Amino acid sequence: MKKIEELKTPYYMCDESLLRNNLKILNYVQQESGAKVILALKGFAMWSTFPLVKQYLKGCTSSGLHEALLAREEFAQDDKNLEVHTYSPAFKDEEIDEIAKISDHIVFNSPSQLFKYSKRVKEINPKISLSLRINPEQSSSPKDIYNPCGIYSRLGTTLANFDERVLEHIDGLNFHALCEQDVDALEDVLVAFEEKFSKYFKGMKYINFGGGHHITKKGYDVEKLINLIKNFRAKYGVDVYLEPGEAVGWQTGVLVSTVLDIVHNGMDIAILDTSAEAHMPDTLAMPYRAMVRGSGEAGEKKYRYRFGGNTCLAGDIMGDYSFDEPLQVGNKVIFEDQIHYTFVKNTTFNGIKLPSLVILREDKTLDVIKEFGYQDYRNRLS
Ligand SMILES: *Cc1c(COP(=O)(O)O)cnc(C)c1O
């Protein structure tokens, strides 16, 4: 068994007891509201934790063939109570048959895709349930890059593009309109969604409310969510699905790195053995400043540093931080909340080594479940 000091940086470490806390909150929502909660693999796909996740969540939602395969192989397997849902902005001929075989739900993005593949997927899998993704054209997403209902969005079908002939093919409707948002934002989306589409709910078995619900964040009004879902189910007689990614992995672990050098150019700059660009991509895409354990805002404490990554990208910068004591080469720097949307998105840009994946088990043992090296860089190229 490894001790924490022996682990080679960089590594992401997921704390299973924190993950279980999140799953318990999501399970409470399921039990009290009657909704089914499934994991969006896009945001969290550490499949070594799935034996734990499966104790609470009812399946996975995937964004195409590869995630669907992972959902089937590592999550649902042949358990009839666990579901694999697959949505893609567009499916392709060479993948749709396999997707139909391993999925319980397929969610089409447009009537044209639905008409193209509906018959074919039902022939391959007669039990499959089909749905259409709707664009309710109502979102208060904090960032355009994460706003599925923004102007000219390709994601989902607007009321103007809705073709009533889809109704004979589908059992449900999906929307996904939120990003890291509270229940008031969901309430606003539901108003728009019901206003436009409730005339089509008759005969539907379910409505899928998508992801972006920040349910496990402190201060989220879980009771209000439960009431909203209960009322919706009673009003329309449908099942409700939620498919969070971020809320599952939210604050369940860290990215640990080491200070390799400290250089000076107008300020003190610490070069770390990790990278914002390659290992913490949302910090640049969102963008946001990741918290560092033991640090203050720039200027708050006595010793101030800019943290930069070990790549040649000038903008590979995590931000400015301050500390009570001067940093030394060899010190560990721990970035908080780096489990969701990190290792599902990371890259080998610049040939930089990918961080290892570590799980801190509930009995406090450490499992290094994956280490990466040169081959991972080489195998992506040719
Ligand atoms: C991204 C996404 C999710 C998960 O979103 P989170 O913000 O991680 O909860 C769920 N459903 C769809 C269709 C998505 O695109």
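Modeller: What follows is a walk across the interface between the two domains. Keep in mind that this is a predicted model.

Start with the bounds. The domain assignment gives domain 1 as 4–12 + 251–378. Domain 2 is given as 16–249. So domain 1 is written in two stretches, by the automatic or database assignment. The C-alpha centres of the two domains lie 32 Å apart. Their contact draws 21 residues from domain 1 and 22 residues from domain 2.

Next, the area. Between them, domain 1 and domain 2 bury about 1,800 Å². Carbon and sulfur atoms account for 59% of that buried area.

Two salt bridges are found across it. E16 and R361 also form a salt bridge through their side chains, with N to O at 2.8 Å.

Which elements of domain 1 supply at least two residues each to the side that touches domain 2? They are α10 (281–285) and β17 (356–360). Strand β17 gives the most, with four residues.

Last, the residue classes on that side of domain 1. There are 12 nonpolar residues. Six are charged, and three are polar.

Technical notes: Residues are numbered from 1 along each chain as its sequence is written. This is a predicted model: local features need pLDDT of at least 70, side-chain atom pairs count only at pLDDT 80 or more; totals for chains, interfaces and linings use all residues. Side-chain values use heavy atoms; hydrogens and water are left out. Contact means heavy atoms within 4.5 Å. Buried area is the accessible area (1.4 Å probe) that two parts lose on being put together, summed over both. A salt bridge is a side-chain nitrogen of Lys or Arg within 4 Å of a carboxyl oxygen of Asp or Glu. Ala, Val, Leu, Ile, Met, Phe, Trp, Tyr, Cys and Pro count as nonpolar, Asp, Glu, Lys and Arg as charged, and the others, Gly among them, as polar.
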